[in-house]
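Have a look at the fold and the ligands first, then read on for the details.

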Amino acid sequence: MDALTAFIDRTNIAMAKADDIVDARASLERLRCLINDVWSRRDESSSSGGGVIVPWFAGVARQEIDWGPTIDPEKCVSCGLCLNCGKDVFDWVDGKSTVARRDDCVVGCMTCGNLCQGHAITFPSLDELRKAYRDNHVWKHVKAAMIKAGKIPAQS
Ligand code: SF4
Ligand code: SF4
């Protein structure tokens with residue numbers, strides 16, 4: 001094998017490994033979204049027996065919560081990663097990603113923003129979200145549900 005052929009072989013191997021890393025990151029993002037989704041759908045009537053209540057179902061409609069991604073089209077480099085969102089929030093339009101179903105975004109999730117190659121995705125203020133939790137006594141409801149589910153001792 002001559003030097004050029006060996007170089008090309010090494011380059012191909014390196015590119016294949018890079019592709020594997022990108023695939024692994026995308027899979028991790030999908031897994032996290034799926035976990036968030038399953039978590040958000042559990043409630044007190046769950047047949048799983050967990051008895052877990054999810055914050056925003058403690059009396060607050062999802063549509064009333066200002067949470068979801070915003071894309072700066074100037075920064076989007078069309079990497080496509082956000083289209084891997086497990087909640088199917090984005091559509092691909094004219095070579096760029098667009099937010100199509102904002103209210104389907106899992107409240108508090110920022111995975112696509114964390115992994116966006118162009119740093120193009122932003123979210124509302126976490127401080128505002130935490131204030132909404134506080135104003136709606138969400139933490140109190142969740143803790144009560146955790147105690148009821150036996151996940152936290154009653155005296156905690
Ligand atoms: S992850 Fe970011 S850069 Fe990639 S397509 Fe989505 S918005 Fe654009
Ligand atoms: S933050 Fe929302 S839109 Fe982004 S990956 Fe998570 S659920 Fe999907």
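## Briefing on the model

In the protein chain, among contacts between residues at least 6 apart in sequence, 63% join residues at least 24 apart; two residues are in contact if their C-beta atoms, placed from the backbone, lie within 7 Å. The model is predicted: local features need pLDDT of at least 70, side-chain atom pairs count only at pLDDT 80 or more, and totals for chains, interfaces and linings use all residues. Residues are numbered from 1 along each chain as its sequence is written, while chains are lettered from A and ligands numbered from 1 in the order in which they are written.

**Overall make-up**

- The protein chain has four helices and four strands, which are DSSP runs numbered from the N terminus (helices: H or I, at least four residues; strands: E, at least two).
- Starting at the N terminus, the order of elements is α-β-β-β-α-β-α-α.
- Of the 156 residues in the protein chain, 17% are buried, meaning that 20 or more other C-beta atoms, placed from the backbone, lie within 10 Å of the residue's own.

**Around proline 69**

- You will find proline 69 in the loop between helix 1 (3–41) and strand 1 (70–71).
- Proline 69 counts as buried because it has 23 C-beta neighbours inside 10 Å.
- Leaving aside residues up to four places away in sequence, proline 69 touches Val89, Val99, Cys105, Cys112, Gly113, Ile121 and Phe123.
- Cysteine 109 is 40 residues from proline 69 along the chain, yet their C-alpha atoms are separated by 9.4 Å.

**The ligand shells**

- Ligand 1 is surrounded by 15 residues, the closest being Cys76, Cys79, Cys82, Cys116 and Gly118; a residue belongs here if its C-beta atom, placed from the backbone, lies within 6 Å of the molecule.
- The shell around ligand 1 contains 10 nonpolar, five polar and no charged residues. Ala, Val, Leu, Ile, Met, Phe, Trp, Tyr, Cys and Pro count as nonpolar, Asp, Glu, Lys and Arg as charged, and the others, Gly among them, as polar.
- Around ligand 2 there are 11 residues, with Cys85, Val89, Cys105, Cys109 and Cys112 the closest.
- That shell around ligand 2 splits into nine nonpolar, one polar and one charged residues.

- Opposite phenylalanine 90 stands valine 99 of strand 3.
- Two residues lie between strand 2 and strand 3 in their hairpin, where aspartate 94 takes a positive phi near 50°.
- Helix 3 (residues 126–135) lies largely in the open, because one of its 10 residues is buried.
- Histidine 137, which follows helix 3, has a positive phi near 55°.

Notes
A residue is buried if 20 or more other C-beta atoms lie within 10 Å of its own, exposed if 12 or fewer, and partly exposed in between; C-beta atoms are placed from the backbone. Two strands pair if DSSP finds at least two bridges between them.
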